[in-house]
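Here are my notes on the model, as numbered points. Please read them with the structure open.

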Amino acid sequence: MQPAVGDAKYALFRDHKTVGIAILLLSLVRLGWRIAHAPPPYASPLSFLEKAASRITHWGFYAVLIGMPLSGWLVASASPLHAPTVLLANWGLPGISWPDIPLVGKFTFAQKVAVTSGAATAHDGFGWAAGVLLGLHVIGALKHQLFNLGPVMHRMLPFGSSYVPVKVSDEAVAQAAQALKDGALVLMPTETVYGLAADASNPAAVAALYEAKGRPRFNPLISHVTGLEAARKFADFDERAVKLAEAFWPGPLTIVVPIRDEAAVCDLARAGLDTVAVRAPSHPAAQSLLKAFGGPVCAPSANRSGRPSPTTFEDAFEETGFAVQASLDGGPCTVGVESTVVAVLDGPVRLLRPGGLAREAIEAVVGPLAEADDDAKRSPGRLVRHYAPDAPLRLNAAAPEEGEAWLGFGDGFHGPLSLSPNGDVNEAAQRLFSCLRAADRLKPRGIAVAPIPETGLGEAVNDRLRRAAGFVG
Ligand code: TXA
Ligand code: MG
């Protein structure tokens, strides 16, 4: 006998079916998406057990979310009482008649009773399994959030790449230092750009770093230290290099010098060279982390290969947050472009990459800089196209054309995309990458950029803009 329509319990039962069929359809779409798209890499490094637990939980969810409504549908189709399935009928809508599972209607009464009871048991079982999996999911997220101090939780939350700032406390610094010792990756703020950091002496950690960035080949990395004393433990500083370090460290200058202790900075971090790039960042959080860790830490910019460098924690997290076990939110970077790289080897001091310290300041200490020659090939910052947003760039533009985002400079206009309303090249350097990202998010036809003078940090800004535009620098 069919229950009377309007009976509250029956109405609830119909809603239950509507929800169930919706779950079935959405889960099938999600499964199709999952099969067509590879999932993001694991937060590195996960133990074998953690990976297994994560796999089982995720595939378990697919099984439950599809099995639960399927078994319910089988109950509804085979039930000897047979209440027809009408979707959406309780909400003043016309209602959609949902078919029974084919052939089930042809079963004998006894077969129907058996199928109904079996499917109902399975349906209940799936309900319990869903509860257990949900619990495991939440426990896993809490473990990563509270015990590993990693940002894994943010990636699990529905608002995707949003983040909760990880305050720079003594405890967070200690956790980050421990993560480095364990061979894991860490998001490290510096005054130039956010870095993706790893223990420079640990080849496995450095390999994981290249993998997370998706670097097409192994380019040498910068080893970060607290200062000159720490750097001299593993690298040879001649008189000129010492002068430069004393003048500009901690700060946005990287000095390439001969390596002395090859184990302190592994081959992979140096790309097999007998030289090493060293820098002492001035950001207090970076200094605390380096002090707590006690050895050189290699850290390229935290972007995935070929993308603009991140200058806020939020951008850094969006780029490579999936790969880290700990992170420190040091606020927006004050310099905004990567450090200037000079080589202090045989011959004159050479400029390998213009950056956050102006050429003029360096030349005041060691005299005129020679240009990079062969070293240029080794510099990813010297690849023709690098630091690139998706939209095409038009440089030295007098005004934007239709459909273009406009990155102004010195026009007094205080728009969100203005590099510097008052024409200050330091401010333009600081805002460059975040303005490129903000412009790109508008999905414009192109991005037009006002002319920037070549003086001071203007050299680095123009260098990054030319590379982003795809011109040979
Ligand atoms: O501001 C910065 O320098 C940032 C922050 C995070 O500190 N780091 C950074 O690192 O930009 P990365 O790995 O993206 O850039 C390293 C640069 C490249 O241009 C590389 O070719 C050069 O330094 N480099 C490293 N070791 C070198 C070596 N032994 N000889 C010549 N160039 C070297
Ligand atoms: Mg970079």
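1. Start with helix α14, residues 458-469. The helix has 12 residues and reaches 16 Å from its first C-alpha to its last. That is close to the 16 Å expected at 1.5 Å a residue. Keep in mind that this is a predicted model.

2. How many of the 12 residues of α14 are buried? The count is 10, so the helix is mostly covered by the definition used here, 20 or more other C-beta atoms within 10 Å.

3. Look at the residue just after α14. Glycine 470 takes a positive phi there, of about 90 degrees.

4. Now strand β4, residues 195-199. Here 5 of the 5 residues are buried, so the strand is largely enclosed by the rest of the structure. Both faces are covered. Gly195, Ala197 and Asp199 lie on one side, Leu196 and Ala198 on the other.

5. Which strands pair with β4? Strand β3 (residues 186-188) does, in the antiparallel sense, over 3 bridges. The two form a hairpin, with 6 residues between them. Within this pairing, methionine 188 has glycine 195 of β4 as its bridge partner.

6. Strand β8 (residues 297-298) is also joined to β4. This pair runs antiparallel too, with 2 bridges. Aspartate 199 stands opposite valine 297 of β8.

7. Turn to ligand 1. The residues that surround it number 30. The closest are Thr192, Gly195, Pro220, Ala277 and Pro300.

8. Which elements give two or more residues to the shell around ligand 1? They are β6 (253-258), β7 (275-279) and β11 (350-353). Of the elements, β7 gives the most, with 4 residues.

9. Last, the make-up of that shell. Its residues divide into 14 nonpolar, 10 polar and 6 charged.

How values were computed:
Residues are numbered from 1 along each chain as its sequence is written. Chains are lettered from A and ligands numbered from 1 in the order in which they are written. This is a predicted model: local features need pLDDT of at least 70, side-chain atom pairs count only at pLDDT 80 or more; totals for chains, interfaces and linings use all residues. A residue is near a molecule or strand if its C-beta atom, placed from the backbone, lies within 6 Å of it. Ala, Val, Leu, Ile, Met, Phe, Trp, Tyr, Cys and Pro count as nonpolar, Asp, Glu, Lys and Arg as charged, and the others, Gly among them, as polar. Two strands pair if DSSP finds at least two bridges between them. The expected span of a helix is 1.5 Å times one less than its number of residues.
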